[in-house]
Amino acid sequence: MTKKRMKLGAFFHLPGHHVASWRYPSTAANRIFDLDYLTELAQTAERGKFDMIFFADTFGQTPSERLATEVLKLDPLIILSALAAVTKNIGLTATLTTTYNEPFQVARKFSAIDHLSKGRAAWNVVTSSNERESLLFGKAKHLEHAQRYERAEEFVDVVKKLWFSVEEEALVIDKEKGKFLDLEKVHPVNYEGEWFKVQGTLDSPATPQGHPVIVQAGSSEAGKELAAKTAEVIFTAWQTLEEAQAFYRDVKGRLAKYGRKPEDLKIMPGVFITVAKTEEEAIAKRKELNSYISPEIGLEYLSNFFGVDLTGYDAEAPLPESVEFNDKTNPQIRYTIIRTLAERKNLKTLREVYEHIAGGRGHREIVGTPAQIADQLEEWFLNEGADGFNVMSPTFPDGLHDIVELVIPELQRRGLFRTEYESNTLRGNLGLSVPVSPSKKQIQRAGK
């Protein structure tokens, strides 16, 4: 019997996940727009046998002198197109919002990436948590949380119909008979719902994976339901095994009502890892990174999670007693995680809080030796807290290199992680089944 192995994503947030990573001496902060550098990082992750590279994305934030690296970046889909040519096995995942795009655009872009990479693309479905994104698209008001998820559910439904509108077998290309396409296997979409009205077909056939892997990031009630219905991988943030287990059981328990099995969805919490050969060295490395956080950086950074401007506060001041958010339908999961973490760790001041979350942004943080880190990952993995992890490096390239050289071998030694890729496709490496094309009748069904 083959031993169950964890799935790992390499979360690329450049120049590093730590908020002050750009000030770290060895961080290549000046190369985040350099394709040669991005290629080096992707190939390092592939050498470590990671399942996928993952790019988050948000926009609408105003660059500041100190936090410019939080908001300046290249379009991740363009990056994936380039990395498809210089990698062979690793999955390529990018975030694209359902709130400020149209289904045809998204279906077409990810179909292209999946074809060019020979079956390694994944779409991270988000609904745009940043209210300021609306201003870039000429919208007077950002949709409320509940509306965004209603739109997202319909959006994914339409995208999947488009992905299957031209079956892979529709391409006959019979030169002797002069027949390029079998029209019996072309299924024009005729969809009319609450949010979208779409007619027509995609201009490319179904992809090598059937369709790109669907990823979702979110832990609200609406997010969990969307994941249970549509996602094949879910990224989430938890601090304790008990919290992770509760989420794991909750989401996996929702799958049956959608005709899905527990193994159809991989749950991969984020984990921020600072590793060194000795515990003392790892602690010192984390402490040095925190030493680069000025109060101005820390308070501005914390403001993004608390929904209020904290930049005028004294860093030694206590956390605000309460915060009022404009969108009453938004459960503010990340804010709640950070607030709870502060209470659990007895973090009294704003400085203590921003230093504690400076790398993980509310995700779990582990500092230690390869064995210590593997112990904690193994505990969650073997006790239904996770199917794997989305790994966050404190700095690039050194932080990623340390994880590949120190943590991965320890996981492999324990038989918890692959030594070679099982497949050339992301779906194959994740152990996900290939989706079956719905019938022509289902595709042409109008609305819900």
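Phenylalanine 11 is buried in this predicted model, at 11% relative accessibility, where buried denotes under 20% relative accessible area, exposed over 50%, and partly exposed the range in between (1.4 Å probe, protein chains only). The residue lies in strand β1; strands (E, at least two residues) and helices (H or I, at least four) are DSSP runs numbered from the N terminus. With residues up to four places away in sequence excluded, phenylalanine 11 touches His17, Phe54, Ala56, Asn390, Val391, Met392 and Phe396, contact being defined as heavy atoms within 4.5 Å. Phenylalanine 11 and alanine 56, separated by 45 residues in sequence, have their C-alpha atoms 7.9 Å apart in space.

The model is a predicted one, in which local features require pLDDT of at least 70 and side-chain atom pairs count only at pLDDT 80 or more, whereas totals for chains, interfaces and linings use all residues. Residues are numbered from 1 along each chain as its sequence is written, and side-chain values use heavy atoms, with hydrogens and water left out.

Strand β9 (residues 213–217) is largely enclosed by the rest of the structure, because four of its five residues are buried. Strand β4 (residues 121–126) runs parallel to β9 and is joined to it by four bridges, two strands being taken as paired if DSSP finds at least two bridges between them. Within this pairing, valine 125 has glutamine 216 of β9 as its bridge partner. Strand β10 (residues 233–236) is likewise parallel to β9, with three bridges joining the two. Here valine 215 stands opposite valine 233 of β10.

Two cis peptide bonds are described next. One joins leucine 14 and proline 15, with omega of about 10°; proline 15 lies in the loop between β1 (7–11) and α1 (35–47). Another leads from phenylalanine 396 to proline 397, with omega near 5°, and proline 397 is found in the loop between β13 (388–392) and α14 (398–413).

Positive phi values occur at residues other than glycine. Lysine 49 has phi of about 65° and is located in the loop between α1 and β2 (52–55). At 16% relative accessibility, lysine 49 counts as buried. Arginine 361 has a positive phi of about 55°. This arginine is placed in the loop between α12 (350–356) and β12 (364–368), and arginine 361 is also buried, at 11% relative accessibility.

Strands β5 (171–174) and β6 (179–181) are the elements that give two or more residues to the patch. Phenylalanine 180 belongs to strand β6 and is exposed, with a relative accessible area of 51%.
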